[in-house]
Amino acid sequence: MSGSLTRQSVMVAGFCLLADTLTFCDTGAQMYPALTFWCLLAGIALADAALATPARLSGAVAFAHAALAVAGALLLPDGGPLPDTPDTNDAGMLIAAYRAGAWLNGRPAVLALLYLVAGSIGARTLCGTTDLTDWRSLLLSAVKEALLAWLVGRYTTARGAHIAELEQRAAREREHARHELAHAIAEDRSAIARDLHDVIAHHVSAIGVHAGAARLGLSAREASPVSTALAAVETSSRAALLDLRRLLDFLHDSPVDDARQPGLGDLDELIHVVSAAGLKANVSIEGTRQELEGSLDIAVYRVVQEMLTNALRHGDGHVDIVLRYGTSCVTVTAVNPMAPSKRRVEDSPHRGLEGISSRAGMFNGFASYGPVNGGADWKTSVTFSLDGT
């Protein structure tokens, strides 16, 4: 932006210099002696070139142009032809007035305007085109040659400041809205955390306690399917409570230092839990195993967990899971036989499968699921992208 402003100021100064020097060459060569002509021409070139100087010098530039206009009138030879208007540096006077109005404030801006008004009135009076008694013409020339351009400069600056203020106000409003949204989200998370704690965690904890008590009551007898099932319930409830505590800490923005979300490193423990619940799970890995980044590792684990849960609820006691590592993606496939008494209802919500699809979509992946082998088996396949594209 700074470079663009510099180029534009140089371009404006160059065109002013071109306009003033060409005009003065047409009229000045006939009115001034050679030495005076070249001196005034050099003064015009220097004053117009000064229009490209920094904004803080706008007052000095305005004074130079006013002085140059007066000098051009003073140096007219006696008895020489008088021009209709003093054409020494008209373009430079206008731009100098604009710069003074746009870049100066307070007293310096007013002084620069007075310099230019005095230069305009002095030049017209000294060259004899207007008498001091003709105050209307003098006032009109001052308005056209100095005041009008100065006011346009003031307006431009005021408008720019107003636009900047509106932009800052809009930015503050956006920031305020962002903070309000973050606060509302935090409040919602706290409410969800309280509901999870009061409604779910207490009940899951009670399930584990009662299952443990019942299992201990049967410990004196021989091992039976009932005690095995109670042990599975107790183990599953402990795992569920651990996950719930992690979620509660996350929702409260206060995770415990050693707490973490489970990942593929916890897959063996997950298999052990579902095996205790009566599901035979066969997990195989294809390709070169890779360390997945944190959020992707958690997502793949949660997908495997949902696949095992679905197989436990709707399957026939067995599931085959294949974890396939590729160069740009990782794919998880689960196939389990469906028990005739647990066939899925077509119009059921399928929230677990929707959650699987949502997790895959977060990593530019996709999921597919449905019955295979004539409806005897259910297959779920999920692909995650490793490069995020």
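A residue is called buried under 20% relative accessible area, exposed over 50%, and partly exposed in between, with a 1.4 Å probe and protein chains only. This is a predicted model, in which local features need pLDDT of at least 70, side-chain atom pairs count only at pLDDT 80 or more, and totals for chains, interfaces and linings use all residues. Residues are numbered from 1 along each chain as its sequence is written, and side-chain values use heavy atoms, with hydrogens and water left out.

I turn to the sheet. Five strands form an open sheet in the order β1-β2-β3-β5-β4, with mixed pairing. Strands here are DSSP runs of E with at least two residues, helices are runs of H or I with at least four, both numbered from the N terminus, and two strands pair if DSSP finds at least two bridges between them. Because β1 (280–286) and β4 (366–372) each have a single partner strand, one side of each is left without a neighbour in the sheet. Within the sheet, β3 (residues 329–337) and β5 (residues 377–385) are antiparallel partners over 9 bridges; Val330 has Phe384 of β5 as its bridge partner.

Next, two asparagines in loops. Most residues other than glycine have a negative phi. Asn364, however, has a positive phi near 55°; Asn364 sits in the loop between α10 (351–362) and β4, and is partly exposed at 46% relative accessibility. Asn373 also has a positive phi, of about 55°. Its loop joins β4 and β5, and Asn373 is exposed, at 57%.

By contrast, Asn310 belongs to helix α9 and is buried, with a relative accessible area of 12%.
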